[in-house]
Amino acid sequence: MKEAAMSEDTTPDEAPGMVLLSQPIERGEQVITKVQLREPRAGEMRGLSMVDVAKLDTDALVKLLPRISNPPLLAQEIEALRSCDLFALATEIANFLLPEGTRPESLPI
C-alpha cells in the first residue's frame with residue numbers, strides 16, 4: 001500500500017494524519033500540541049469492531065488511538081481531551097477507512 005506523500009505546498013502541520021490540538025496535553029514536562037496518526041493495520045484493529053470504529057464510537061477510539069498515535073496517547077489522556085480534539089482525531093481515523101482515491105488528500109483542489 002502506498003503512503004500519502006506530502007506535496008511541496010504541504011507543511012508538516014498539514015500532513016495527512018496530523019492533528020493540531022486546541023488544548024495541549026501535559027505529560028510531566030512534555031507538552032503535546034500535535035499528534036500524528038497513521039493508518040491502522042489489521043492487527044491494530046484486533047478486539048475492535050470495524051463498525052464501532054467507523055461510527056467513531058468513543059470506547060473504540062480510546063482503544064485504537066494509543067496504537068496508532070505518535071506520540072502514543074494514553075487512555076486517560078484521550079478521555080480528558082476536549083470534544084473538538086477527539087472529533088478531529090476521529091475524523092482522521094475515518095479518512096483512513098475510505099478507499100484510496102476518495103480520501104481528502106487525493107482529491108483535486
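Start at Glu44. Leaving aside neighbours within four places in sequence, Glu44 is in contact with Arg38, Glu39, Leu64, Arg67 and Ile68. Glu44 is found in the loop between β2 and α1. Is Glu44 buried or exposed? Glu44 counts as buried because its relative accessible area is 16%, and the cut-off for buried is under 20%.

One of those contacts is a salt bridge: Glu44 pairs with Arg38, and the closest N and O atoms are 2.5 Å apart. Arg38, at a relative accessible area of 40%, is partly exposed.

Before going on, a word on what you are looking at. This is a predicted model. The mean pLDDT of the protein is 86, and 79% of its residues reach 70 or more. Over residues 1-11 the pLDDT is below 50, and this stretch has 12 contacts in the model beyond near neighbours in sequence. Where pLDDT is low, the predicted coordinates should not be read in detail. Among the elements, helix α1, residues 50-54, has the lowest mean pLDDT, at 94. Strand β3, residues 69-70, has the highest, at 98.

Back to salt bridges. How many does a search of the whole structure find? The search finds 2. Besides the pair at Glu44 and Arg38, there is a salt bridge between the side chains of Arg27 and Glu77, at 2.6 Å from N to O. Arg27 lies in strand β1 and Glu77 in helix α3, so this pair ties together parts that are 50 residues apart in sequence. Glu77 is buried, at a relative accessible area of 11%, whereas Arg27 is partly exposed, at 24%.

Next, the core. The largest nonpolar core has 23 residues, and Leu37, Leu65, Leu89 and Ile93 touch the most other members. At least two residues each come from β1 (18-27), β2 (30-37), α2 (58-68) and α4 (83-97). Which element gives the most? That is α2, with 6 residues.

At its start, a side-chain oxygen of Asp57 reaches to within 3.2 Å of the backbone nitrogen of Asp59. The buried residues of α2 are Ala60, Leu61, Val62, Leu64, Leu65 and Ile68. Their cover includes β2, α1, β3, α3 (75-79) and α4. Take Leu65: not counting residues up to four places away in sequence, Leu65 touches Leu37, Ile78, Leu86, Leu89 and Ile93. Two other buried residues of α2, Leu64 and Ile68, bring us back to Glu44, which is in contact with both.

Technical notes
Residues are numbered from 1 along each chain as its sequence is written. This is a predicted model: local features need pLDDT of at least 70, side-chain atom pairs count only at pLDDT 80 or more; totals for chains, interfaces and linings use all residues. Side-chain values use heavy atoms; hydrogens and water are left out. pLDDT is the predictor's confidence in each residue, from 0 to 100. Helices (H or I, at least four residues) and strands (E, at least two) are DSSP runs, numbered from the N terminus. Contact means heavy atoms within 4.5 Å. A nonpolar core is a set of buried Ala, Val, Leu, Ile, Met, Phe, Trp, Tyr and Cys residues joined through side-chain atoms within 4.5 Å. Buried means under 20% relative accessible area, exposed over 50%, partly exposed in between (1.4 Å probe, protein chains only). A polar contact is a pair of N or O atoms within 3.5 Å; within protein, one must be able to donate a hydrogen and the other to accept it, and residues adjacent in sequence count only if both atoms are side-chain atoms. A salt bridge is a side-chain nitrogen of Lys or Arg within 4 Å of a carboxyl oxygen of Asp or Glu.
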